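Dear colleague,

Here is the structure we discussed handing over. My notes on what was found in it follow below.

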Amino acid sequence: MPLILAGTPLGDRADASPRLAEALREADVIAAEDTRRLRGLTTALEVTTTARVVSFYEDVETARLPRLLEAVRAGETVVLVTDAGMPSVSDPGFRLVAACADEDLPVTCVPGPSAVTTALALSGLAPDRFCFDGFAPRKPGERARWLAELVGEKRTTVFFESPHRLASTLADAAETLGADRRAVVCRELTKTYEQVRRGGLGELAAWAADGVRGEITVVLAGAAPRAVRVEDLVADVAGRVEAGERLKAVAAEVAERTGVSKKELYDAVVAARNG
């Protein structure tokens, strides 16, 4: 039998699927990030389980791996649940899945809620291409380097942040990425006090400065495409021509890729070459 990654509700227990209840009911072993929350979940779902319950949080994840792998090898059904959402997505689980994959042991999934895709869907920002960056870096230097990487990131970026660091992260983001860069802060998704706050980074940083509570997911708009000027492309095209490529072919390829006029680019390179 397999390792089952079981998605659990973010907050509203009514989001639990029948398959989640079935998996918990029939499990031989349940690895839970918080055994107290597991008891609350099974009580809410009216599920009685005879499974062996093993705590499986970040600090003990590596130590618990051998026993759980042994259970999967022995044909037992091992169900992995975290406090909320999908195991292994910024939660315990990745190491166990990787270890099972290395041994070609069966792994399957009971789909369930994810704060990443829930926030992305609610944000109103472009969802067609996005990246997930986990938790924002805690240390100022690392956070500065991370934000610098996002300056030209065209994809929508989703990340988690703790409530007590949210204001400083948004303020740093506004300084690095621009106060007008669009973002959305999703707080307490699916819970009683769910809040979705949209605006520019500067506006959101000012709002968060008063203090924010709860589980936080931030969705950041991708960088706006920068207008390309013909003069910015001349040196690159000229260098390729000097290396042996044909000017007409290079000008056509670069013009198509950047959206500038092929004739203007060609003429600019010739003019620069003639002094």
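Two residues are in contact when heavy atoms of theirs lie within 4.5 Å. On that basis, consider the contacts in the protein chain with a separation of 6 or more: residues 24 or more positions apart account for 70% of them. Please keep in mind that this is a predicted model.

Overall picture. The protein chain holds eleven helices and ten strands. Its C-alpha trace spans about 85 × 50 × 35 Å along the principal axes. The radius of gyration is 25 Å, whereas a compact globule of 275 residues would have one near 19 Å. Of the 275 residues, 43% are buried. The accessible surface of the protein chain is about 15000 Å², and carbon and sulfur atoms supply 49% of that surface.

One helix pair. Two packed helices are described by the angle between their axes and the distance between the axes. For helix α9 (residues 234-242) and helix α11 (residues 262-273), the axes come within 10 Å and cross at roughly 70 degrees. Angles of 65 to 115 degrees count as roughly perpendicular, so α9 and α11 are roughly perpendicular to each other.

Which residues meet between α9 and α11? From α9 they are Val 234, Val 237, Ala 238 and Val 241, and from α11 they are Leu 265, Ala 268, Val 269, Ala 272 and Arg 273. By class, this contact of α9 with α11 has eight nonpolar residues, no polar ones and one charged residue.

Regards

Methods:
Residues are numbered from 1 along each chain as its sequence is written. This is a predicted model: local features need pLDDT of at least 70, side-chain atom pairs count only at pLDDT 80 or more; totals for chains, interfaces and linings use all residues. Side-chain values use heavy atoms; hydrogens and water are left out. Axes are lines fitted to C-alpha atoms, for helices over the stretch in contact, and angles run from 0 to 180 degrees between N-to-C directions. Helices (H or I, at least four residues) and strands (E, at least two) are DSSP runs, numbered from the N terminus. Angles under 35 degrees count as roughly parallel, over 145 as roughly antiparallel, 65 to 115 as roughly perpendicular and the rest as oblique. Ala, Val, Leu, Ile, Met, Phe, Trp, Tyr, Cys and Pro count as nonpolar, Asp, Glu, Lys and Arg as charged, and the others, Gly among them, as polar. The radius of gyration is taken over C-alpha atoms; the globule rule is 2.2 Å times the number of residues to the power 0.38. Buried means under 20% relative accessible area, exposed over 50%, partly exposed in between (1.4 Å probe, protein chains only). Accessible areas come from the Shrake-Rupley method with a 1.4 Å probe; for residues, only the protein chains shown count as cover.
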